[in-house]
Amino acid sequence: LTQIISYVHMWIDYMAFRDEIRFYKGRKNLTGVSTSSVLTQLICNIIILLYLLDGGGTSWVILVGLYGSCAVEGWKVWKLLQPTITWRFPFVSIRQLRTGKEQETA
């Protein structure tokens with residue numbers, strides 16, 4: 001029963017990841033997407049993953065879902081901030097918010 005529930009959970013995670021990627025892929029205007037909430041979600045997922053890795057005994061099914069979640073959240077943060085490497089301090093620059101609506105939701 002536990003394995004069945006785990007596989008159903010993985011399937012639902014897969015469908016959620018697929019829909020998130022469809023939403024962000026190819027989109028140029030990210031008005032309405034909160035950068036701070038996406039960044040916070042990434043940090044929370046990393047903390048949860050590190051906690052479960054440290055504790056040991058966690059099912060690989062759960063860890064695979066968390067790795068996927070961290071990867072998708074990292075990709076979303078990369079897409080939102082569009083960091084570039086520069087030779088001047090702080091060596092990384094992020095994109096400027098283009099419109100007033102983007103500034104309101106950041």
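Mentor: Helices here are DSSP runs of H or I with at least four residues, strands are runs of E with at least two, and both are numbered from the N terminus. The model is a predicted one, in which local features need pLDDT of at least 70 and side-chain atom pairs count only at pLDDT 80 or more, while totals for chains, interfaces and linings use all residues. Residues are numbered from 1 along each chain as its sequence is written, and side-chain values use heavy atoms, with hydrogens and water left out.

Let us begin with the charged contacts. A salt bridge is a side-chain nitrogen of Lys or Arg within 4 Å of a carboxyl oxygen of Asp or Glu, and a search of the whole structure finds 3 of them. One of these joins glutamate 20 to lysine 76, with the closest N and O atoms 2.3 Å apart. Because glutamate 20 belongs to helix α1 and lysine 76 to helix α3 (residues 60-81), this pair ties together parts that are 56 residues apart in sequence.

Lysine 76 also forms a salt bridge with glutamate 73, where the closest N and O atoms are 3.2 Å apart. These two residues are 3 apart in helix α3, so about one helical turn separates them. Taken together, Glu20, Glu73 and Lys76 are linked in a network of salt bridges.

As for burial, the term buried means under 20% relative accessible area and exposed means over 50%, with partly exposed in between (1.4 Å probe, protein chains only). Lysine 76 has 6% relative accessibility and therefore counts as buried, and glutamate 73 is buried too, whereas glutamate 20, at 24%, counts as partly exposed.

A further salt bridge connects arginine 18 with aspartate 19, the closest N and O atoms being 4.0 Å apart. Arginine 18 is partly exposed at a relative accessible area of 30%, and aspartate 19, at 41% relative accessibility, counts as partly exposed as well.

Now to the rings. A pair of aromatic rings is described by the distance of the centres and the angle of the planes. Rings of Phe, Tyr and Trp (its six-membered ring) pair if their centres lie within 6.5 Å, and planes under 30 degrees apart count as stacked, over 60 as edge-to-face and the rest as tilted. The structure holds 3 aromatic pairs. Among them, phenylalanine 23 and tyrosine 24 are edge-to-face, at 5.1 Å centre to centre and with 85° between the planes. Phenylalanine 23 is partly exposed, with a relative accessible area of 38%, while tyrosine 24 counts as buried at 7% relative accessibility.

Tyrosine 24 forms another edge-to-face pair, with tryptophan 75, for which the centres are 6.4 Å apart and the angle between the planes is 80°. This pair links distant parts of the chain, since tyrosine 24 lies in helix α1 and tryptophan 75 in helix α3, 51 residues apart. Tryptophan 75 itself is partly exposed, with a relative accessible area of 30%. Through these ring pairs, Phe23, Tyr24 and Trp75 are linked into a cluster.
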